[in-house]
Every structure is written in structure tokens, then in C-alpha cells.
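Welcome! Take a moment to look over the sequence and the 3D structure, and then let's walk through some of the details together.

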There are 2 protein chains.
Amino acid sequence: MKNIAVIMAGGSGERFWPLSRQAHPKQLLCLGNSGKTMLAEAIDRIRAQVDAADIYVQTMPHLLAPIRAADLGIPKENVIAEPCKRNTAGCLCYAAAHTLAKYNSDGSDLVLAILTADHRIGDQAGFQRTVATALATAANEAALVTIGVPPDHPATGFGYIQAAPSEGDATTSEELPTVHRVKRFQEKPDRATAASYLAAGNYFWNSGMFFWRLDQFRAAFSLADPAFSTAITQMKAAMQAGDDALVTQIFEGLKSISIDYALMEKAEHVLMVRATFPWEDVGSWAALDRARRPDAQGNVVEGDPVLVNTRNAIVCNHGKDMAVGVVGVENVVLVITDDAVLLVSKDHTEDVKQVVEELKRRNSPQL
Amino acid sequence: MKNIAVIMAGGSGERFWPLSRQAHPKQLLCLGNSGKTMLAEAIDRIRAQVDAADIYVQTMPHLLAPIRAADLGIPKENVIAEPCKRNTAGCLCYAAAHTLAKYNSDGSDLVLAILTADHRIGDQAGFQRTVATALATAANEAALVTIGVPPDHPATGFGYIQAAPSEGDATTSEELPTVHRVKRFQEKPDRATAASYLAAGNYFWNSGMFFWRLDQFRAAFSLADPAFSTAITQMKAAMQAGDDALVTQIFEGLKSISIDYALMEKAEHVLMVRATFPWEDVGSWAALDRARRPDAQGNVVEGDPVLVNTRNAIVCNHGKDMAVGVVGVENVVLVITDDAVLLVSKDHTEDVKQVVEELKRRNSPQL
């Protein structure tokens, strides 16, 4: 049995403007403490279980060049692009077809790990224990496997997984990545529902990471929605024939639907591995507080700005020869590059998208 | 009788960093609505009473070149520099000596108007009426004359002038620049004292503008502190002899003391003309609110930044190709140039000096 990893890196991360740009997405930013990009960190994490030659990054066409240009330690041709956006169901069918074609396999000897690059994972060893369990479960149980993260607050920004108790095990430890039957996938809840999930104790954040044998994946889709399993078979053949136009044509014909709706909620045998690592969404500037270690005044700084009477601020000076002074403010994010400046209250980091929208209207070169 | 004007422009205006720089002081910034620099506005204002050839700008040696380079409509050689800093008493003695030497006069035919460039004067005609009265009073009354501004709030940032009622006049109008005997000069008060001054009705802000016949000025100094009147005579002679080293030596020997302490509080015959124009200190970024017209959200913007959910902010983008986004903040000043960014709460604009101090310690090129 061979382990293959596909890291999803198609997002644009507009909420990280001005560091993220159309040709320099969030995945290529160094948002953690390691000095490495989010994508490089994701690749490093899976190297314990998967050879570099078998790690793929799947993105969008306009990001192929910048991601290939980044020094990620995997073959350049392992950076691949979906022809267009077709939500996660299309995305994962494309990954399946590409893997089946590349390894010329019926899938019974291949376990695919679908991973993400836009979360901070605090404990590398814990991640690797969890992933080892997920890979083994996918290989041995002939199940679709996902990772569920024990919530520590009633987050409304994630989908949830309602899990059954761990099989025959009353002594689960937080150290052990226990395996649970999935009862239901739940959409992003409102605050009250999220609080009830947290209180119930058997709801987990849907990490968006999946593990499956490719023959199982295709078989599950042939029951849930045969259009997708047919597309996998056809795209595999077209890829092996080198017929890119046909691949695109088939892919464009797919429904745009999430993998949760299209497959996971319908599939018979779905298991969840409980994560034994801390997992943080790095979805907006405010999340840098959690990804970095603030100083005694609560500030997170980069690029040597001068701070006076300033608290709980994030100040990132990425300008080459920029002097930056910050005086008497609290609870804001200030990001400087050589051609752009963003100032945003920590309570409004979602609204950075509105700045990006306006700059699009202006045909601004700073996108 | 000839009117001469000397505009004081020696300050560095560090509180306007990053627009003000060591070689580009506040006086050379366009802070009002006219599109002209503060210094150009000051020169324009006095042109009604003084010929361009008789208008001087007195500054510090390192600012000679940038001020001469600015197109101010006066002869380049009329931009002069004191050898070093010796407070306002030294400054005004230097101005006196330079004028006496240049016009080769004993001073009895010269009225000197000492003006400032760091205030916003809202009503040009009102200013000119007041100055005309001050010049005439200085010429005819053989008095040291100052301009006092009727306070409209209990400001603690200015010195005050305690004035006697206008002579024999119960019908003073706000339109008329009445002349008052000065009882006392008062230092910058605390808030309670400022409130009592405002309530009393006969206290005025000390504008720092002065008018005197040069023979009167020297004579008053020979009574108040003969060291200064001697220095005026000696510097005049040294200037006429072209002996710069001697001028510097005499000037450096002067006490560093304000003109209020050294002369105005001691002189016999001091008069105040009540200003008939609005007068605003433009001492820090927060003052731009008053110098410009904010939009409906209370924002003052320059350089087309993108503002989202932002109120009562000043956002000045002077970068050549800078995109600027501001989201969800209030009551701040954000100033951007091609090599520097300043973010400061409106309540802390005085502390911009601390940023400048730190940049000095770092030998930062952005000063």
C-alpha cells in the first residue's frame, strides 16, 4: 500500500492583503514562527509518512508558476492545477484521477491523504500520530476517513462532525487519536448551536482533511453520485492519453458542490480520527495573534517598527526601506509592503475583502 | 517709514514626521487647503503691507538650502540663518542686526514685523487689518507691539497676554483691531488657570508676532538687558564688515532666553493689538482636522485611500504608487510616504516626537 499526499492550495486568501496577492496567495506567506511558508510547513509535516516524490500540491492555473517557483522540496511537476473552480467535490475527483493516472493504478494499492495548508498545527508529533492512524484506518477499514478536531470554543467558522463514541473504549486519552463512526456532518452553526455542540462533547471541527483508498473513494461515489465516479474514470483515461482539452471538458461538466454534500453525508462507511494536535484557523490578520507569540505589551511585530504606547497590535513591516512609527493605538493590525499599507481593527479583519473588492474596481496594480 | 517683515521658520516640526523631515520642515508642508506651503502662505499674507524685496525668512543653517529651493516669491538671499539656536531673544536680536546692517540704518525709519509660519490664519483681510494697525501703532506710538488672539477655548498650549481695556472705547467691535496696553505676559497655564483667563475676558493668546521700530527695540533692550542691545550693535557692524565668524561668536555669547522674559515683561511701553482673524495652531497631526474640511464620516483624506467603516480619521497617502486600505478604525492619523508610515491616535499626536527620537538613535535615513 502506497501513501500519496495532495495538499490543497487553491485559495486566494484575500483577507491577507496586502501580503497576499493574486499571484502570491496566503499559502506562500510565512505566517507562523518557523520562517517557512504555510505551504512549506504543510509539506514538511507530511514528510514523515509520505515521500517527497509522492507529495502533490493542487492549486489553480494562475498560481502554478508562483508555487512552482517556491522552493518546496518536491518535484516541480508535482504542483498541479485544476482547470477551473468546481468546489471540493470536483477538486477531490481531480486529485483522484490525477493520482490514478500518474501511478497507473486501479486505486486498491493507493491511500490518498488530502491535506490543507491554511491552518496552523501546533504539535508536529501529535499531527503525525493522528495522520498515521488515519492512513492505517483508510487502508485497513475500507472507509472514508476524516480528521475531527476537539473544539475548545464555540467556533462558528467551521463545519462540525457529529461522532459516535470511540468503539469499545471508555478510557480515551487526549494523547490517543481514537477512531469514531461519523453520525453526521453539520454545516457552520450559529453561535447558540455551536455552544450546544461544545457542551454535547461529541462534535468536532471538520478539518477538511481526508484519507481514502482510491478504489474505495470511486466506489463510494458510484453509489452517492455516479456522475463523479464516471468523471474520475474518464479524466484518468484522458490524462494518460495526454488530452488536456478533454480533461478540462469533463471537469467543467461537474456540478459545483462540496465533498460533504456530494459524498461524505451519503457514504456508508465514514470514520473520524480524533485529532491529537492543536489546530488554528489562520483565516485573517487577527489570527496572527494566535500563530505568533506576542510580547509583554501584547504586540506582534515584524520588520522593526517603532512602537510607542501601543498595545495588542500586530505591526508587520515588509517594506524594504520603510520606517514605521506607531503611537498610542490598541487592537489594530498594520501591514506595510513596498506598494501598499493596510490598517485594520482586529475586530474587522474579515472586511479586508472590501478593500480588495474596491481595489479590483479601480484596477489597482497592488492586487 | 519702511516696513520690513521677518518670518520665523527655524522649527523642525518633528511632530509632522514622516512628512516633515530634517531637510523638509513643517513650514514647507502644505497643511491647509490652499495647496501652498505654510511658509508660502505666510509670505502671501504679508505682501499687502510689505514689498517682496523686504520680506525675509529667518531659519537655521541646515534649512537654508531647502527653503531657498522652495519657490517663495522673495529673493533667495532674503532667506537667512541664525548661526545656532539661542531662543527667541537671540533670534530677534539677530533679525534686528541683520535688518539694520542691510538697510544701513539706525532703525528710526524701519518698522520690523516679526511673523510666524506655523499657524493657520483663516481670514486674510482680517489679518491684514490687524497687521496694518500693529505696524501703524509701532511706527507712531514708539511702543513694542504684539498681537493677542481672543481665546475661544481654554487652551493650555499658548502663553497669554493680560490686557487693559481698549483706551476710551466702550464700543469695540470684533471687526476692529483695537489697541490695548499690556499688563502682563503669562506663561502657558494649566487647565484651571486657562479657564479663569477665558472667563476673565481680558486675556489673549500670545501669537508670537511682534512689531517694532528698530531704534525702539534696541533702546528697550538697553534698559531691560544691555548685553542684547550691545550685541545688536556689534553684530550689525560685523555683518557690514562681512565678518561671519565674529557674528557667530557674538551670537553664541548670548543668553538663551525667550523674548517674553528678556524684554517684553520688562519693557515700559508694550501694546497689544487684538486680532480680528481666526488663528489656529497647526502644531501636530490632530490639528489637520481643523485646517481641512472633514467629510460626512469625519475623515480627512489625501491620495485616495480605500476607507471601510472608518470615522474621524486623517489618512494622508503621499506615496507615489501606494495602495492604502483602512478598515474599522476611528480617531487615528495614518500618514504614508514612499519610505515611511506613521500611525498615531489623535490623542497622542504629541508623542510622534518619541518616534523621531528613536529613529535618531537608529540613525535612520528616514529623518
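## Where the chains meet

Two residues are in contact if their C-beta atoms, placed from the backbone, lie within 7 Å. The contact takes 33 residues from chain A and 33 residues from chain B. On the side of chain B that touches chain A, the elements giving two or more residues are β13, β15 (323-327), β16 (332-336), β17 (340-345) and α11 (352-361) of chain B. Here helices (H or I, at least four residues) and strands (E, at least two) are DSSP runs, numbered from the N terminus.

Which element gives the most to this side of chain B? That is β17(B), with 6 residues. Sorted by class, this side of chain B has 20 nonpolar, 8 polar and 5 charged residues. Ala, Val, Leu, Ile, Met, Phe, Trp, Tyr, Cys and Pro count as nonpolar, Asp, Glu, Lys and Arg as charged, and the others, Gly among them, as polar.

## About the model

This is a predicted model: local features need pLDDT of at least 70, side-chain atom pairs count only at pLDDT 80 or more, and totals for chains, interfaces and linings use all residues. Residues are numbered from 1 along each chain as its sequence is written, while chains are lettered from A and ligands numbered from 1 in the order in which they are written.

Now find the open sheet of 6 strands, in the order β12(A)-β14(A)-β16(A)-β17(A)-β15(B)-β13(B), with mixed pairing. Two strands pair if DSSP finds at least two bridges between them. The edge strands, β12 (300-302) of chain A and β13 (306-308) of chain B, each pair on one side only.

β12(A) and β14(A) (residues 314-317) run parallel, joined by 3 bridges, and Glu302(A) stands opposite Cys316(A) in β14(A). Strand β17(A) (residues 340-345) pairs with β15(B) in the parallel sense over 5 bridges. The bridge partner of Leu342(A) in β15(B) is Gly325(B).

## A residue in the core

A nonpolar core is a set of buried Ala, Val, Leu, Ile, Met, Phe, Trp, Tyr and Cys residues joined through C-beta atoms within 7 Å. A residue is buried if 20 or more other C-beta atoms lie within 10 Å of its own, exposed if 12 or fewer, and partly exposed in between.

The largest nonpolar core has 248 residues, and Ile7(A) and Ile7(B) touch the most other members. Leaving aside neighbours within four places in sequence, Ile7(A) has contacts including Leu39(A), Tyr56(A) and Leu115(A).
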